Amino acid sequence: MFLVKCPHCKQNMKYQKMKGYGLKDKRKRCVYCGRSFKIKGNILKSIKDN
Ligand SMILES: [Zn+2]
């Protein structure tokens with residue numbers, strides 16, 4: 001799990017990384033403004049999920 005920041009509206013949200021997939025070229029749609037952005041480069045920190 002990562003904390004990512006939308007570069008458009010600057011809101012923070014969680015991102016669940018899929019098993020077996022890298023972060024390269026991964027995109028996420030912002031839940032606040034609806035625009036998509038690249039995960040890589042917008043990660044604030046990783047969150048440990050147990
Ligand atoms: Zn946004």
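These are my notebook entries on one predicted model, going from the whole chain down to a single residue.

**Entry 1: the elements.** I began by listing the secondary structure, and I found zero helices and five strands in the chain. Read from the N terminus on, the elements follow each other as β-β-β-β-β. I then looked up the radius of gyration, which is 10 Å and close to the 10 Å that the globule rule gives for 50 residues, so the chain is as compact as a globular protein of that length.

**Entry 2: the chain as a whole.** Taken along the principal axes, the box filled by the C-alpha atoms comes to roughly 30 × 20 × 15 Å. I also looked up burial, and buried residues make up 4% of the 50 residues in the chain. For the contacts with a separation of 6 or more, I noted that 47% are between residues 24 or more positions apart.

**Entry 3: the sheet.** Next I asked myself in what order the strands of the open sheet stand. The sheet has three strands in the order β2-β1-β5, and their pairing is antiparallel. β2 and β5, the latter covering residues 43-46, are at the edges with a single partner strand each, so one side of each has no neighbour in the sheet. Ignoring direction, I noted that neighbouring strands of this sheet are turned by 25° against each other on average.

Entry 4: I then followed β1, residues 2-5, and β2, residues 12-15, together with the loop between them. The two strands pair in the antiparallel sense over four bridges, and as a place to start looking I marked K5, which stands opposite N12 in β2. β1 and β2 form a hairpin, and six residues lie between them.

**Entry 5: K10.** Which residue in the turn of this hairpin has a positive phi? I found that this is K10, with a phi of about 65°, and I wrote down that K10 is a residue other than glycine. K10 belongs to the loop between β1 and β2.

Terms used. Residues numbered from 1 in each chain as written. Predicted model: local features only at pLDDT ≥ 70, side-chain atom pairs only at ≥ 80, totals over all residues. Rg over C-alpha atoms; globule rule 2.2 N^0.38 Å. Buried ≥ 20, exposed ≤ 12 C-beta atoms within 10 Å, placed from the backbone. Contact = placed C-beta atoms within 7 Å. Pairing = 2+ DSSP bridges. Axes fitted to C-alpha atoms, helices over the stretch in contact; angles between N-to-C directions.
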